[in-house]
Amino acid sequence: MSQAIRPLKNLKKRRSQRAASLILVIACGFGLMALIYGLFTLAMFLGGSRQVRNAADAGALNVSRKMMDIRVPTDPKYADVADTNGKVGMSNVNRLWGKAYLINANLEEMQKSGQAGPKATGNGDAAYQLAQTVNDNLYSMIASSKTQDLFFHQMAGRRTANMINPGMGIDKNPQYTCPIAMVDRGDESNLIMTPGQIPAGITAGKVDKGSKSFMQGYVPMTANNKKFTFTAFHEGEQPHLISDSVFDPNRADIAPIEGSATVIPNAFRQSALAGNGQIDSTATASAVANPIRSYSMTIPQSYITLYVVNMSNWLVDGKKIRSIPYETKADQTIHGLVDYQTPTRVINCFGKLGGEYASGHSIMAIIKALKADYQPAMKKLLQRVQGMDPSYTMARLTNLLENQNYDKNANRYYIFAKDDSADHTNPQIQIQADNGSLPEWINVQSWQEDFDGIEKDLITEPTTTDEYANAWQSPPGTPQPTAKNSGVMKWQPGSGYTKAVGNLFISRTTTLNFSSKP
Amino acid sequence: MPSRNSKKKTNCKRRKPSAQTLIEAMVGFIVLIPIALFAVDVVALMSTAQTNEQWAETAARAAGSCSCETMAQTAVKNSLKRFVPSSIISSVDLDKITFDQVNGQVTVATVMQINVPIPLPWMNHFELRASAIQPLLGTPAAQ
């Protein structure tokens with residue numbers, strides 16, 4: 001038995017001695033190569049994953065940036081808040097809503113003060129509906145996965161994940177929907193406002209940042225029973241990536257804004273995919289958009305009218321004989337009744353009128369001539385002017401009115417914003433008579449039709465006797481002639497839907513009473 | 001008692017296997033060590049290539065946040081200044097910048113100088129290039 005086994009033993013001994021190291025070295029070599037290959041594959045996959053992640057980031061950033069280029073045509077009523085091409089996009093949609101909000105805030109105030117005319121309700125509804133239609137058109141383009149895919153591919157499609165699959169591009173993950181979100185809720189929008197431009201009694205959500213105030217973003221606010229929501233855009237920020245923990249709680253499908261189903265979102269999520277048939281690498285990225293541009297909340301093409309009527313009524317024994325208008329200047333002597341035949345004799349009646357204008361005949365002097373607190377009128381004017389230029393101050397308004405003399409040949413004056421910029425963002429408040437060169441968008445002929453509010457007394461002046469006017473007659477009469485002076489300021493509001501936002505009417509009456517008795 | 005011849009034969013037998021192992025191991029290592037060293041260089045090159053891509057990405061992102069090409073170039077240079085040279089990567093520099101305002105994108109190419117950790121004949125210095133494209137985020141939306 002041992003004889004038979006020995007040769008085999010010898011053989012084994014010989015083989016193990018001769019090739020042991022070689023086998024070990026070869027085994028180590030294969031092991032090393034396998035390890036190198038494994039590390040290589042892992043490094044390639046990790047590198048490829050990073051390429052996909054970078055592509056997703058760049059794609060999401062491009063979507064958030066290029067969304068600003070999506071524009072839709074606006075309605076002619078909102079042409080003054082559109083861009084230079086007459087369109088509305090994400091960057092100026094808040095401007096559109098700002099105008100609609102101001103119109104409806106003005107209307108709510110008109111209703112509260114009982115000055116809403118028959119056209120008011122219809123104008124408010126139309127202003128809102130037109131803005132909503134433009135908004136919805138824009139929303140449908142922005143929320144569309146087709147639009148988002150296009151912008152995603154513009155950036156991600158130009159990249160490759162060559163560490164996963166050499167030469168292969170990066171695609172959009174087809175299994176991924178395109179969620180949108182409204183982040184930074186409660187923060188500022190890109191709409192600058194001044195509290196003074198909001199009519200009294202209306203509360204607007206605002207965010208103060210530095211010296212500026214902005215309309216609040218993604219917090220619905222009500223005016224004229226309509227909900228307005230502005231898109232939040234942080235001032236001074238660029239589009240940037242945000243984490244899932246910021247995006248997810250603000251997704252439109254998870255946490256919609258109450259009452260605003262089609263509010264314009266400000267954040268987008270994209271998913272990239274690269275694969276080589278064996279392994280797929282996906283990455284998602286979310287980015288928040290920002291137009292890096294802010295606007296003032298205005299009704300750019302709107303105007304205020306202002307006119308003055310001075311009327312003298314000439315009475316004999318308490319009976320009105322005639323009315324004669326007089327100018328807005330002091331010490332006008334008018335021979336009102338010439339050789340007037342009374343039952344007993346012929347008299348000539350005179351009046352010295354316009355004493356209330358002794359301090360000047362600028363429009364400011366005319367307003368101040370009212371012997372009552374004229375501030376409510378100034379506040380009304382300023383609120384409406386700030387609807388054209390929110391930065392306008394009371395001092396500037398006073399200065400504007402002081403520098404404009406009242407022209408007796410003018411029927412009325414217009415206060416409006418002259419704006420030579422293509423997108424109406426550089427308002428220059430001006431006052432001009434209707435006989436001057438007014439902008440073509442002001443229809444002087446049908447000015448009264450532009451008002452959807454009803455005129456109401458704003459300030460009533462107490463009557464004074466012989467203080468600002470004097471009456472005398474020839475031959476003298478008994479009792480002595482008297483000159484009573486009174487005035488009233490009337491305010492007719494306009495919502496701004498048809499451009500007119502207010503009409504200040506100053507009516508001053510001087511009543512001169514003469515006697516037929518000697 | 002074994003004969004002299006047989007003793008000689010036994011000594012020869014004892015020396016032979018150890019020499020064979022040594023020779024086998026030496027031959028094996030002569031093959032394996034260069035492979036391993038080459039693998040170290042390959043891994044270093046792969047790693048630095050990825051690092052270069054990441055620097056290009058960072059630089060492109062910095063350029064993307066600028067509103068004009070001059071600012072973009074400065075931003076890229078500033079971002080690349082943060083690179084700390086090492087024995088393997090001696091420098092990362094801006095190769096080319098394409099600031100495309102029409103399409104709203106910027107492409108930045110970087111060039112990285114590499115010294116492989118195990119210098120091999122004719123293969124001790126490499127120049128790696130990478131480019132990245134990013135959207136222009138610093139330009140305001142159209143008026």
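## Confidence in the model

Chain A has an average pLDDT of 90, and 96% of its residues score at least 70; pLDDT is the predictor's confidence in each residue, from 0 to 100. Residues 1–5 of chain A fall below 50, and this stretch has zero contacts in the model beyond near neighbours in sequence. Here two residues are in contact if their C-beta atoms, placed from the backbone, lie within 7 Å. This is a predicted model, in which local features need pLDDT of at least 70 and side-chain atom pairs count only at pLDDT 80 or more, while totals for chains, interfaces and linings use all residues. Residues are numbered from 1 along each chain as its sequence is written, and chains are lettered from A and ligands numbered from 1 in the order in which they are written.

For chain B the average pLDDT is 84, with 87% of the residues at 70 or above. Within chain B, helix α1 (residues 4–64) has the lowest confidence, a mean of 77, whereas α2(B) has the highest, at 94. Residues 1–13 of chain B are below 50 in pLDDT, and beyond near neighbours in sequence this stretch has one contact in the model. The scores for the model are ipTM 0.82 and pTM 0.86. As for the names of elements, helices (H or I, at least four residues) and strands (E, at least two) are DSSP runs, numbered from the N terminus.

## Where the chains meet

Turning to the interface, 33 residues of chain A touch 27 residues of chain B. On the chain A side, the most comes from helix α1 (residues 2–66) of chain A, which gives 20 residues. By class, that side of chain A has 15 nonpolar, nine polar and nine charged residues. In this scheme Ala, Val, Leu, Ile, Met, Phe, Trp, Tyr, Cys and Pro count as nonpolar, Asp, Glu, Lys and Arg as charged, and the others, Gly among them, as polar.

## A helix pair in chain A

Have a look at helix α2 (residues 93–112) and helix α3 (residues 120–142) of chain A: they pack at an angle of about 165 degrees, with their axes 10 Å apart. Axes are lines fitted to C-alpha atoms, for helices over the stretch in contact, and angles run from 0 to 180 degrees between N-to-C directions. α2(A) and α3(A) are therefore roughly antiparallel to each other (angles under 35 degrees count as roughly parallel, over 145 as roughly antiparallel, 65 to 115 as roughly perpendicular and the rest as oblique).

Among the residues that meet are L96(A), W97(A) and I103(A) from α2(A), and A127(A), Y128(A) and L138(A) from α3(A). The contact of α2(A) with α3(A) comprises 13 nonpolar, four polar and no charged residues.

## The sheet of chain B

In chain B, three strands form an open antiparallel sheet in the order β1-β2-β3; two strands pair if DSSP finds at least two bridges between them. β1 (89–100) and β3 of chain B are the edge strands, each pairing on one side only. From one strand to the next, the twist averages 20 degrees.

Strand β2 (residues 105–120) of chain B is joined to strand β3 (residues 123–135) of chain B by twelve bridges, and β1(B) pairs with β2(B) over ten bridges. Helix α2 (residues 69–81) of chain B lies across β1 and β2 of chain B, at about 160 degrees to β1(B).

Strand β17 (residues 346–353) of chain A pairs with β22(A) over five bridges, and K352(A) has N470(A) in β22(A) as its bridge partner.

Which peptide bond is cis, with omega near -5 degrees, and ends at P475(A)? That is the bond from S474(A) to P475(A), and P475(A) lies in the loop between β22 and β23 (482–493) of chain A. The bond from T478(A) to P479(A) is cis too, with omega near -5 degrees, and P479(A) sits in the loop between β22 and β23 of chain A.
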